[in-house]
Amino acid sequence: MQILLKRLTWVFAITLGCLFGRFTSAAQETTEQWGVFELSLSGPSTGNPFVDVNFSVNFTQGNSTRKVEGFYDGEGQYRVRFMPDKVGEWHYTTTSNNPILNDKTGTFEVVKPSAGNHGPVRVAHTYHFAYADGTPYNPIGTTSYSWINAPDEREDVTLKTLAASPFNKIRMEIFPDNTSSGATTLQLSPYLQTADKKWDYSRFNPAFFQHYEKRLGQLRDLNIEADLILFHPYGNNVGLKMGAANDDLYLRYVIARFGAYRNVWWSLANEWDLIRAKTESDFVHYGELVSTTDPFHHLLSIHNSAVIFNNTLPWITHASIQNGSAVEASDRAELYRDVYRKPVVYDEVKYEGNATQRWGQLSPQEMVHRFWEGTVAGTYVGHGEIYSGEGGPWLASGGLLHGQSPARLAFLRKILDDGPAQGLDPIDKWQDTPAAGVPGQYYLYYFGLNAPESWTFQLYKNGLRDGLHFQVEIIDTWNMTITPVAGDFVTKKKDNYNFVDEQGRAVTLPNLPYIALRIRRVDNAPTVPLSAPNGE
């Protein structure tokens with residue numbers, strides 16, 4: 001009788017799994033490449049499912065198998081999310097320490113990606129980025145730390161602002177920050193509370209994460225990368241002193257919930273060295289955990305205050321740096337490239353605004369200038385804005401942008417997107433520093449605060465020979481104009497280092513600051529091999 005009862009219980013459990021374990025919509029039986037496939041199953045809700053139940057799924061296509069951790073989403077619902085990287089039929093098998101969730105199998109079809117879906121962003125050509133399908137990605141990012149902790153109406157305004165902006169990346173916190181200047185009051189917490197109103201770091205608040213991932217999906221649909229800050233030191237932060245075990249539990253839960261969104265990047269911390277409750281070795285552990293746990297291998301970095309992290313560590317995909325002075329001149333900005341041999345993103349270079357603090361007093365001209373200096377250094381720069389306004393400044397809580405730099409950054413982004421697919425690298429570093437491009441093909445010169453009246457056509461020798469034809473355009477980076485210079489410039493060797501125009505021509509300039517030149521090869525002659533290492 002006992003055996004029969006156990007078998008009946010097992011059959012009932014399997015029946016429940018069949019009834020409630022189907023995909024939440026028919027669309028999830030077919031998903032696109034780099035989309036989100038979601039499997040939802042009903043299971044136990046007693047005890048503490050966040051720690052008591054282990055649930056994962058093996059996804060298989062041919063000889064390739066990928067294990068993805070699932071998560072508890074409250075009210076007896078268990079989910080797993082998978083971002084397939086190949087088209088065709090996929091098979092899955094669940095694994096769990098609970099029989100209701102264990103050994104469920106199924107198949108689904110992955111079709112070609114829809115328009116605008118280029119996959120997740122990866123490192124490309126050592127110092128740059130590209131989407132998984134090879135489409136170049138030039139980050140023009142911004143920061144709005146706690147916009148996702150605002151009232152729904154303000155969050156909607158933020159999304160509309162982003163949709164009309166040049167920004168294709170946004171840095172944003174996961175733990176709400178409700179005490180920094182202009183930030184909003186706490187809307188939702190990532191954790192549930194105990195009966196005595198203390199945070200229970202072993203029980204997540206599904207409503208918080210459901211709201212967050214709704215906004216992640218909306219950013220994805222706008223083709224905006226979400227650079228998620230996992231830890232930060234600001235305000236009454238519930239994540240500052242959770243303890244080592246709960247830190248790991250949190251990271252695994254976030255990866256399980258958000259990892260299948262193709263637009264996710266991981267930032268271990270904002271100003272990691274100000275988080276006094278955690279040590280450098282703690283962050284090394286976090287980085288290794290995220291790197292090995294994330295089955296989709298999203299970009300991973302860590303941001304500094306006064307102490308730059310060891311960005312040579314192999315799990316760090318790119319250097320995320322706070323250093324405003326580095327991008328005041330391109331020869332400073334490019335030095336980090338040689339140290340780390342990875343993409344360098346100056347995510348914080350101070351902010352455009354009218355704050356009382358010196359880090360929030362950049363003029364819009366200076367903000368745009370720093371972007372251009374970083375660009376011709378072969379690096380990338382991030383935007384921020386802190387003008388006072390209703391509901392708080394953009395930096396803290398989103399809303400509307402009030403500055404003058406975004407329009408000029410849209411102008412820069414168009415130039416970058418029209419540029420070489422492999423990105424811009426310094427042409428003659430340590431010598432003729434304000435120039436980047438592809439030797440023999442494309443050059444972007446930036447004169448910065450200088451206001452020369454003319455520029456004698458002269459290019460560093462790499463990739464050049466006599467008789468190559470180039471056209472020159474004058475770019476006013478502030479007034480957003482591009483003026484072609486009449487005629488072709490034809491190269492002739494000058495000395496051991498440089499080529500000039502065969503007629504000795506010079507370009508007349510408008511005698512203004514913030515002027516750049518775009519120089520592009522226009523003939524079809526064969527590519528010339530590089531003649532010397534950069535800087536020789």
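This is a predicted model: local features need pLDDT of at least 70, side-chain atom pairs count only at pLDDT 80 or more; totals for chains, interfaces and linings use all residues.
Colleague: Happy to start with the sheets. How do strands pair in a sheet, in general?

Modeller: Backbone hydrogen bonds link the strands of a sheet, in either a parallel or an antiparallel sense.

Colleague: In which sense do strand 1 and strand 8 pair, and over how many bridges?

Modeller: They are parallel, with three bridges between strand 1 and strand 8 (residues 105-111). To find one on screen, pick T31: its bridge partner in strand 8 is V110.

Colleague: What is the strand order in the sheet of eight strands?

Modeller: That open sheet runs 18-17-16-13-12-22-20-19, with parallel pairing. Strand 18 (300-301) and strand 19 (319-322) each have a single partner strand, so one side of each has no neighbour in the sheet. Elsewhere in the order, strand 12 (residues 141-143) and strand 13 (residues 169-173) run parallel and are joined by three bridges. T142 has I170 of strand 13 as its bridge partner.

Colleague: Now a helix. Which residues of helix 11 are buried?

Modeller: The general idea comes first: an α-helix has 3.6 residues a turn, so residues three or four places apart point the same way. In helix 11, the buried residues are S405, P406, R408, L409, F411, L412, I415 and L416. Helix 11 (residues 405-417) has 13 residues and spans 18 Å from first C-alpha to last, close to the 18 Å expected at 1.5 Å a residue.

Colleague: Next, single residues. Is R81 buried or exposed?

Modeller: Relative accessible area decides, and buried means under 20%. R81, in strand 6 (residues 77-82), is at 5%, so R81 is buried.

Colleague: What does the side chain of R81 reach?

Modeller: The side chain of R81 makes a polar contact with the side chain of E213 at 2.8 Å, and also reaches the backbone oxygen of R257 at 3.0 Å. Beyond four places in sequence, the residues R81 touches include V36, F37, E38, V68, F71 and F296.

Colleague: And why does N236 count as exposed?

Modeller: Exposed means over 50%, and N236 counts as exposed because its relative accessibility is 60%. N236 sits in the loop between strand 16 (225-231) and helix 5 (244-258). Its C-alpha is 7.0 Å from that of D177, which is 59 residues away along the chain.

Note on methods. Residues are numbered from 1 along each chain as its sequence is written. Side-chain values use heavy atoms; hydrogens and water are left out. Two strands pair if DSSP finds at least two bridges between them. Helices (H or I, at least four residues) and strands (E, at least two) are DSSP runs, numbered from the N terminus. The expected span of a helix is 1.5 Å times one less than its number of residues. Buried means under 20% relative accessible area, exposed over 50%, partly exposed in between (1.4 Å probe, protein chains only). A polar contact is a pair of N or O atoms within 3.5 Å; within protein, one must be able to donate a hydrogen and the other to accept it, and residues adjacent in sequence count only if both atoms are side-chain atoms. Contact means heavy atoms within 4.5 Å.
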